[in-house]
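Please read the points below with the structure open beside you. They begin with one chain and then turn to contacts.

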Amino acid sequence: MISLPHFLAIGAILFGLGLIGFLSRRNFITMFLCAELMLQGVVLNLLAFGRYHGSLHGQAFGLFIITVAACEAGLAMALFLVLYKRGKSLDSGDWQAVREAGVSATLETEALPAYVPDESPTLPVAGRIPEQPEVTVQEPFRA
Amino acid sequence: MPEPMTPLGLCLIAVALPLVGCLLSALCGLLKLNKLAHLPAILSFASAATLSTFVLLTLAKGDSNLSLFADLGTWFSVGRLDVPFSFHVDSISLLMLAMVTFIATFIAIFSASYMHGDEGYARYFSVMGLFVFSMCLLVTANNIFLLVAGWEGVGLCSYLLVGYYYAKPSAAAAARKAFLVTRLGDVGLILGVFLVWQMGGYHTNIDRLIHHIVEHPPTDAALLTACLCLFCGAVGKSAQFPLYVWLPDAMEGPTPVSALIHAATMVTAGVYLLARTAPLFALSPMAQIIVTAIGGTTALLAAFIALAQYDLKRVLAYSTVSQLGFMFMGLGCGGAIAPNIAILAAIFHLLTHAFFKALLFLGSGSVMHAMGNVIDMRKFGGLRKVMPVTHLTFLIGSLALAGFPLLSGFWSKDMILHALQDAGRSRSPFAFIYTGIFAVACLTAFLTAFYTFRAYFLTFWGEEKIPHEAHGHAHESPRAMLIPLIVLAIGALAVGAVVDPLTHWIGDFFERAPVVHEADHAFEKATNMVPGHHEFSWTMAGISTLLAFGGIGLAAVLYRKGGPEVVPEAMRPLQALSLNKLYVDELYGATLVAPAEFAATGARQFDGFVGSLARLISFVPRLIAAVLRPLQNGLVQFYALGMILGLAVFLTVVVVRSFR
């Protein structure tokens with residue numbers, strides 16, 4: 001029998017994973033996904049309590065949160081886009097320059113792993129040996 | 001607005017001319033025409049002198065009241081205080097005007113040569129022009145605030161000229177001292193002006209104000225307060241005890257300045273003020289006796305100090321203080337005998353003193369010029385062969401100052417002594433005080449003759465001694481400096497005799513001034529005595545001749561051989577006392593200046609303390625910020641961690657509480 005503590009445990013695990021991810025990752029997208037993960041942990045909590053009490057309040061709140069999360073996702077993505085355009089990077093550590101004057105930098109930002117484009121982006125023409133495109137290692141992702 | 005060709009119009013033009021001269025001289029300085037800067041000053045003074053002398057001669061004869069008024073519009077008007085540009089020319093102011101411009105002309109001629117090649121040539125003549133203008137304004141102003149304006153103007157010019165060599169610390173200090181000490185007196189003057197303004201029915205024109213006070217006399221105490229306040233101003237400006245200390249120090253300025261401002265004209269402003277407000281003093285015999293007493297104290301004190309000074313200019317400075325004391329003694333007699341005699345004696349002495357003291361100062365300037373700016377009488381001597389003209393004119397000045405018979409100083413000093421003697425015999429309740437002061441005045445007259453001739457003999461007699469600062473070419477001064485000396489010497493010789501004893505002209509002339517009548521009227525009202533008139537007294541002339549001969553003779557016996565001075569053992573302490581100016585400066589330094597400096601230092605320390613306290617308080621936010629600033633490190637993760645930790649603490653508290 002799946003009882004309330006099981007749901008709560010899953011919710012707590014989701015929240016914890018999201019939290020750890022949010023604190024430890026520097027890529028904006030990943031951080032955002034982690035934040036979503038935490039949010040979903042909370043939603044699971046609400047649903048579990050709604051079911052436990054036998055009311056629809058929990059589900060109603062869950063729906064609200066999903067809606068708000070959708071909006072938030074739109075906003076966050078738009079923000080990331082703007083930041084990327086400015087700095088050609090999604091590394092949140094790059095923005096530590098906005099710190100207070102006179103405070104030394106906390107992170108030594110190192111380059112992200114090189115981005116290797118997909119070797120075969122399109123399907124080869126039938127009956128022909130596919131051409132191997134030259135593998136080039138591009139500049140690091142961040143400018 | 002008066003017609004320009006009437007006597008009044010000419011007088012006003014004479015007042016305005018020096019201002020034009022001042023501006024033109026300043027312009028010369030601006031246009032880099034430094035060498036021409038003396039021309040506007042000399043020309044404007046000379047034309048002003050011509051105009052005012054012409055008016056004086058035109059109006060000299062006659063019996064009618066001499067009193068001309070001009071009103072040139074409003075200066076300012078606030079509530080009940082209405083201050084017009086109002087001028088009044090009567091016998092006293094006309095005489096002062098002519099005297100000031102005449103002497104200023106010759107001193108300017110002397111200066112043109114004396115100051116030749118000086119860096120601040122244009123500045124010198126410009127300020128001198130401003131000075132003469134202010135002085136003329138002072139003597140012709142009918143409005144009491146206009147008079148104060150002139151009064152402050154001459155004070156300012158005195159400050160600027162004493163501090164002419166402003167790069168020299170002693171000159172700067174002397175200028176500051178002169179300004180601050182006279183300022184003490186000016187506080188009294190301003191209070192007095194407002195008091196008489198209030199008592200005089202809120203009139204600001206002196207004639208109406210005085211008339212109002214004489215017609216509606218206030219209480220004795222109020223009148224005495226007002227008179228003493230006005231006298232306080234005069235004490236400051238005319239260097240009377242206890243505020244005389246600035247005048248000897250003012251000798252730091254160029255010598256012609258000492259001659260013009262600190263001997264002949266500005267320092268007599270106090271005497272003029274008291275003459276102008278004589279009816280008020282006539283109503284208050286108590287104030288008069290204080291004036292006489294202060295004058296007597298000053299005269300004796302300064303004469304005593306002058307006895308042992310080695311600096312020729314300082315001897316003359318103390319003698320000026322002493323002679324001003326004589327004038328105040330004369331003015332104070334108005335309380336016991338008629339004010340007309342008192343005013344006549346004081347102003348007459350003022351006039352003669354202006355001539356011979358300007359002459360003496362210019363003579364000392366001439367000596368200084370030849371001796372390479374050395375003025376210490378121990379360093380030179382026997383100059384009568386080197387500088388014959390200076391010697392002769394200086395001798396005439398000295399004789400006049402000493403009161404040698406028939407010279408100008410003799411007649412005027414005689415008049416003051418006579419007035420004092422009469423006051424001692426009058427029915428006044430203070431007669432015995434006047435007798436005491438008469439004795440003081442006689443002693444002072446004797447001392448005057450002595451110290452004047454001590455200085456004369458030490459400078460011009462004995463072995464010829466020339467300081468090495470003169471670089472071996474000690475010579476008689478150029479002609480431009482000798483002409484003023486000769487003119488002033490003629491004045492010192494003649495002005496006394498021509499003006500009073502033979503013709504009685506000045507006495508009659510003064511009778512025509514309304515202020516003298518008003519004063520006599522007030523005197524009658526206050527004392528129920530009938531005012532008399534001045535008469536020449538042979539006894540008095542004999543006494544003063546004896547005093548003069550005694551002083552001159554004693555000096556001749558002691559100093560005929562010139563320096564160095566030999567002081568008998570018994571006189572040493574007295575000589576030290578005199579040489580050190582009775583330690584008055586030291587006394588003021590210890591009792592007034594030191595506590596003030598102490599208080600100032602304390603205030604400064606306290607100010608520093610308050611300032612550092614404020615800085616300390618302003619440091620607290622910076623300190624807190626310095627602690628918190630590293631938190632703002634620009635990392636999103638760090639902020640998130642902060643939130644999480646905060647949440648964790650919050651939850652821990654909630655959980656722990658719920659389990660308790």
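1. Chain B has 25 helices and 2 strands, where helices (H or I, at least four residues) and strands (E, at least two) are DSSP runs numbered from the N terminus. This is a predicted model, in which local features need pLDDT of at least 70 and side-chain atom pairs count only at pLDDT 80 or more, while totals for chains, interfaces and linings use all residues. Residues are numbered from 1 along each chain as its sequence is written, and chains are lettered from A and ligands numbered from 1 in the order in which they are written.

2. The C-alpha trace of chain B spans about 125 × 70 × 55 Å along its principal axes. Of its 660 residues, 53% count as buried (20 or more other C-beta atoms within 10 Å of the residue's own, with C-beta atoms placed from the backbone).

3. Among the contacts in chain B with a separation of 6 or more, 82% come from residues 24 or more positions apart. Two residues are in contact if their C-beta atoms, placed from the backbone, lie within 7 Å.

4. In chain A, the axes of helix α2 (residues 28-53) and helix α3 (residues 57-87) come within 9 Å and cross at roughly 175°. Axes are lines fitted to C-alpha atoms over the stretch in contact, and angles run from 0 to 180 degrees between N-to-C directions. α2(A) and α3(A) are therefore roughly antiparallel (an angle over 145 degrees). Residues making this contact include A:Phe32 and A:Leu39 of α2(A) and A:Phe61 and A:Ile65 of α3(A).

Notes
Angles under 35 degrees count as roughly parallel, over 145 as roughly antiparallel, 65 to 115 as roughly perpendicular and the rest as oblique. A residue is buried if 20 or more other C-beta atoms lie within 10 Å of its own, exposed if 12 or fewer, and partly exposed in between; C-beta atoms are placed from the backbone.
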